[in-house]
Amino acid sequence: MSVFTRGAPIIGICAAGPGAYAFFSRTMMNLREKEDAWAAAFGGFMCGSVLGLPFKRMPIVMALGAFVGTAQGLFHVAGGRLDSFYKEEDEFERRETVRRTTRVPVEQTVAEIGEGRGIRPPGYEERRRQLIKEKYGFEVNPVSATVEGSQ
């Protein structure tokens with residue numbers, strides 16, 4: 001229990017800061033009906049202000065609020081990434097682009113997962129008939145899809 005009694009102030013601040021960010025940024029997004037860097041900056045300002053409250057000095061509260069707000073706003077402008085900018089695109093579009101640009105040859109697919117189960121490369125039926133003949137000793141004749149003389 002000493003962890004909670006001694007660490008109660010820091011635990012409370014570490015819980016209230018992100019809570020303030022989430023509440024105020026989402027509230028601003030909801031009121032303005034758009035998601036932009038201003039909402040993230042405002043949420044960051046409130047989070048930084050909460051982090052500055054234990055110092056009990058208004059300049060420190062405002063400075064921490066301004067610093068965290070600026071950092072959050074810039075982070076949102078940079079696309080939410082620290083390493084590079086990125087263009088927001090639909091996940092479905094991205095996967096379709098990947099699917100269209102990275103075709104895998106059927107030989108590679110067969111080599112990786114094998115024949116059967118819906119994968120029928122050229123010559124599959126002949127190899128299957130041969131395997132059944134070797135393994136079970138009887139011959140499988142191919143079924144003809146055409147109807148002859150049934151009239």
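The model described here is a predicted one. Arg 95 and Glu 91 form a salt bridge, in which the closest N and O atoms are 3.2 Å apart. With a relative accessible area of 56%, Arg 95 is exposed, because the class begins over 50%. Glu 91, at 39% relative accessibility, counts as partly exposed.

Glu 91 also meets Arg 94 in a salt bridge, with an N to O distance of 2.7 Å. Here the two residues are three apart in helix H5, which spans residues 91–101, and about one helical turn again lies between them. Arg 94 has a relative accessible area of 36% and is partly exposed. Side chains of opposite charge can pair when their charged atoms come close.

Arg 99 is partly exposed, its relative accessible area being 42%. Shared partners join the salt bridges of Glu 91, Arg 94 and Arg 95 into one network.

## Overall fold

The protein has seven helices and zero strands. Read from the N terminus, its elements follow the order α-α-α-α-α-α-α. Of the 151 residues in the protein, 21% are buried. Among contacts between residues at least 6 apart in sequence, 32% join residues that are at least 24 apart.

## Packing of H3 against H4

Two packed helices are described by the angle between their axes and the distance between the axes. For helix H3 (residues 37–52) and helix H4 (residues 58–77), the angle is about 150 degrees and the axes are 6 Å apart. H3 and H4 make a right-handed crossing. On the H3 side the contact includes Ala 37, Ala 40, Ala 41, Gly 44, Phe 45, Cys 47, Gly 48 and Ser 49. On the H4 side the residues in contact include Val 61, Met 62, Leu 64, Gly 65, Ala 66, Val 68, Gly 69, Gln 72 and Gly 73. Sorted by class, the contact of H3 with H4 has twelve nonpolar residues, nine polar residues and no charged residues.

Ser 49 sits in helix H3. It is buried, with a relative accessible area of 10%, because the buried class covers values under 20%. Apart from neighbours within four places in sequence, Ser 49 is in contact with Val 61 and Gly 65. Both of these partners belong to the H4 side of the helix contact.

## Cysteines

A disulfide is a covalent bond between the sulfur atoms of two cysteines. The structure holds zero disulfides. The cut-off for a disulfide is 2.5 Å between the sulfur atoms. Seen from the other residue, Cys 47 is in no disulfide, and its nearest cysteine sulfur is that of Cys 14.

Cys 47 counts as buried, at 11% relative accessibility. Cys 47 is also one of the H3 residues that contact H4.

## Loop residues with positive phi

Glu 33 has a positive phi, near 55 degrees, and is a residue other than glycine. Glu 33 is placed in the loop between helix H2 (8–32) and H3. Its relative accessibility is 70%, so Glu 33 counts as exposed.

Lys 56 is not a glycine either, and has a positive phi of about 60 degrees. Lys 56 is found in the loop between H3 and H4, the two helices whose packing is described above. At 76% relative accessibility, Lys 56 counts as exposed.

Note on methods. Residues are numbered from 1 along each chain as its sequence is written. This is a predicted model: local features need pLDDT of at least 70, side-chain atom pairs count only at pLDDT 80 or more; totals for chains, interfaces and linings use all residues. Side-chain values use heavy atoms; hydrogens and water are left out. Buried means under 20% relative accessible area, exposed over 50%, partly exposed in between (1.4 Å probe, protein chains only). A salt bridge is a side-chain nitrogen of Lys or Arg within 4 Å of a carboxyl oxygen of Asp or Glu. Helices (H or I, at least four residues) and strands (E, at least two) are DSSP runs, numbered from the N terminus. Axes are lines fitted to C-alpha atoms, for helices over the stretch in contact, and angles run from 0 to 180 degrees between N-to-C directions. A crossing is left-handed if the near helix is turned anticlockwise from the far one by less than a right angle, and right-handed if clockwise. Contact means heavy atoms within 4.5 Å. Ala, Val, Leu, Ile, Met, Phe, Trp, Tyr, Cys and Pro count as nonpolar, Asp, Glu, Lys and Arg as charged, and the others, Gly among them, as polar.
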